Amino acid sequence: MQFMLLFSRQGKLRLQKWYVPLSDKEKKKITRELVQTVLARKPKMCSFLEWRDLKIVYKRYASLYFCCAIEDQDNELITLEIIHRYVELLDKYFGSVCELDIIFNFEKAYFILDEFLLGGEAQETSKKNVLKAIEQADLLQEDAKEAETPRSVLEEIGLT
Amino acid sequence: MPAPIRLRELIRTIRTARTQAEEREMIQKECAAIRSSFREEDNTYRCRNVAKLLYMHMLGYPAHFGQLECLKLIASQKFTDKRIGYLGAMLLLDERQDVHLLMTNCIKNDLNHSTQYVQGLALCTLGCMGSSEMCRDLAGEVEKLLKTSNSYLRKKAALCAVHVIRKVPELMEMFLPATKNLLSEKNHGEILHTSVVLLTEMCERSPDMLSHFRKLVPQLVRILKNLIMSGYSPEHDVSGISDPFLQVRILRLLRILGKGDDDSSEAMNDILAQVATNTETSKNVGNAILYETVLTIMDIKSESGLRVLAINILGRFLLNNDKNIRYVALTSLLKTVQTDHNAVQRHRSTIVDCLKDLDVSIKRRAMELSFALVNGNNIRGMMKELLYFLDSCDPDFKADCASGIFLAAEKYAPSKRWHIDTIMRVLTTAGSYVRDDSVPNLIQLITNSVEMHAYTVQRLYKALLDDISQQPLVQVASWCIGEYGDLLVSGQCEEEEPIQVNDLYVLDVLEGLLVSNLSTPVTRGYSLTAIMKLSTRFSSLNRIKKVVSIYGSSIDVELQQRAVEYNALFKKYDHMRPALLERMPIMEKTATNGPSETVQTNGETDSTILDTKHLPSISQPASQVGFLKHGFSIQTCAHFRHLNNIQPLNVIIPPMTAYNKNGLIIEFTFERSNPNPNIAVITIHATNSTEADMTEFVFQAAVPKTFQLQLLSPSSNVVPAFNQGSVTQVIRVLNPQKVRCYCEPRTHSASDLQCIQAINFYLSCVPGESNPQPCAS
């Protein structure tokens, strides 16, 4: 996979994951043009299209478009399954995920994606294992935060 | 200083903005706050600030000032910081900036961290955006982690290794020892997927690795077998199919290993047949596996029974309700139609049905596949469908479809009449979309179908009466009427009911073309010449003379020149007129270049006569010569350009001055490229006789799509004044279809007020087009 984009029906970007090195300007250009192209597709059209020299696989879930650019030798149908798996992971994590969840917790959406895909390939094909890893990492984060707070309270009182 | 606002609060605030300007204001305010917070080196809130910055970056606002902060976060000991820091690095940094190299040390440390989640973050970042330098530095660490017993890290290390290999292929050897046990049974299947991906990458890149890993085929077959036979494993399951992601990857690796190798292919035959027959196809996931299986079967040396099985699966896909499935079926069939033509033919009717699909991508694939399947047996039926498709398809398709139809018709036409009818149909339905080269091709075809002349001209005439907007149709029709007008009025048509028409009506029609707004200059040229030709076929001489003399003062230079010359033909050279305007003989398709038929030579020859085959300016359409030079006697001969097999440089074209204006002279010299005679090598020399240097001299050339052009670097961008030097540039042109080349040099000269001059000229002379005149645009 070369990149994955999530965007709303109004064309607002909600997540962008790039697996190929491109300058900011190029990324913006690609995003803008691709979003336009995908949004112009009618609902009955198939999920695959050729755009520039890439194969694009996209699927709409409620108000969000999930759009991936894959290489020539990649299997389009399994990419649809990858997208679906990611949506399932988000759904399990947020509990009935909706676009707002992704907007307000975009960093978590990234963390989940990074636990599922690495370098554009799936690293873990078990749903359970991905969610478990995220859970553990979250706990680690919580522990770290808890360890901090007493310190700053003491600091505020002036007793360091 | 108050604590910076939290991320969620910022998001909420920004979302309340009602206009773009309001949003920008909020963002600028917040950015300012963040910047000052960064300046104060505030450790506590750095994480929060960077997170906010990342949000604003996603909205499209610049965030580069946060790059160093990300690095500081990565270096921090807090897990939260590292998480956001690495995320920021992946979003804000890229390998083109040297800043990213500062990460290397941090990543190195984190790869050896005591917490596996930190190690995971480092591996993820490296595997996602590591540059070649970073990969070189850290490959050793990755390799170490590839051998660890911790499967969580091992799978990430495997994919990270894939990235390293992609960036620095020489390092592939380094990972070889670690791959020894990747597929072994001890690995509870958790790292199988990533291991297969790593092996695939290595095999794709190196033939040595490929032969080395061929011995894994039995193991892979075994794993695949277990997957499809084994019981229910809910966590790896998708719709009842065990770990489809792994199945697909294994099939892909098998494809690579089996390609070109008999033994491996044989070893996998059984499992492929098993997967192909046992996979549940009710959902997309099953079809994904079948799709991969089909691709593998087609690529390896499978036995024919298996291949037929694969094509049948594709045939079933074509009937699937799911568009996506139909799409991949068409794509795959397109790949296999050359090798398994007969098997694909069996599904022809389904494919043709796909032409009526609503989806653009499916229609295009179906069209390409249909053309590949046309043969002598099915030409009539297929053409019916394709013509219907041409009628109703999007404009983007029409050009390709029309070309395809012409090609197919040429190859398999069952009869001349059918061929002409088909062409007529294309011209009338998609006339404006046909390619430029089809007009001369059609003219040649019509000329050569001698027995069909009357029928053709009648049909074309009728078509003209209906519609004069489609230029290719009009051009062909005018040409035919000019040639065969006598057959038209004499009602000699055998194929269908001859129409009643007299010469006045015909002239009306042709004159109508001359004055119509819809006609392009080229079309006007055609019709004027057609009218002229009718002067020997019809009896309305006065009328024709009048028309011709009117256009002698036309604004269109091309038309004017023709009219003037025809006038001269009437006045001074009337004795030559019948010979000049005689019917065209059959054009040979495969003869060499140069004049093929000489109609007549008339006495006086003059050595100063410019042989039209050398000069780019042919002022007559459809290979009628008449290069009349006032004051010189002319040699009349009809030069034909052989429309399809022109060897542009069998004739040596002498150097010519392509442009000579405002002191800038551009000359072209031509030669044939030695190894490949189809490539024309043009060298341009630009000199400047004005007083000032011409700086920023740029030569551009545009060619039609059938051409390939290679513009090598010019010797310089400055054309020195007073002819003190010249700029040279080499252009290589490949003309695979040997049609006319149309080269339009543009020169931008800083010293020139008229910045763009356009010149049209022709490299190889082709009938039917107006003569080039340098014209300033």
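These questions and answers cover a predicted model with chains A and B.

The model is predicted: local features need pLDDT of at least 70, side-chain atom pairs count only at pLDDT 80 or more, and totals for chains, interfaces and linings use all residues. Residues are numbered from 1 along each chain as its sequence is written, chains are lettered from A in the order in which they are written, and side-chain values use heavy atoms, without hydrogens and water.

Reader: How many helices and strands are in chain B?
Author: Chain B holds 777 residues, and 56% of them are buried (under 20% relative accessible area; exposed is over 50%, partly exposed in between; 1.4 Å probe, protein chains only). Its count is 31 helices and 12 strands.

Reader: What share of the contacts in chain B joins residues 24 or more positions apart?
Author: A contact means heavy atoms within 4.5 Å. The share is taken over contacts with a separation of 6 or more. For chain B the value is 68%.

Reader: Which residue of chain B pairs with A:E121 in a salt bridge?
Author: A salt bridge is a side-chain nitrogen of Lys or Arg within 4 Å of a carboxyl oxygen of Asp or Glu. Here the N to O distance is 2.6 Å. The pair crosses between chains, from strand β7 (residues 121-122) of chain A to helix α13 (residues 244-258) of chain B. Both residues are buried, and the partner of A:E121 is B:R249.

Reader: How far apart in sequence are the parts that B:E41 and B:K72 tie together?
Author: The closest N and O atoms of this salt bridge are 3.2 Å apart. B:E41 lies in the loop between α2 (20-39) and α3 (46-58), and B:K72 in helix α4 (residues 67-75), so the pair ties together parts that are 31 residues apart in sequence.

Reader: Which helices do B:D508 and B:R543 tie together?
Author: This salt bridge has its closest N and O atoms 2.6 Å apart. B:D508 lies in α27 (residues 503-515) and B:R543 in α29 (residues 541-550), so the pair ties together parts 35 residues apart in sequence: helices α27 and α29 of chain B.

Reader: Is B:M584 buried or exposed?
Author: B:M584 is found in the loop between α31 (577-580) and β3 (656-661) of chain B. B:M584 and B:T447 are 137 residues apart in sequence and 7.3 Å apart in space, C-alpha to C-alpha. At 6% relative accessibility, B:M584 counts as buried.

Reader: What is the relative accessible area of B:E303?
Author: B:E303 has its place in the loop between α15 (284-299) and α16 (304-318) of chain B. B:E303 is exposed, because its relative accessible area is 51%.

Terms used: Helices (H or I, at least four residues) and strands (E, at least two) are DSSP runs, numbered from the N terminus.
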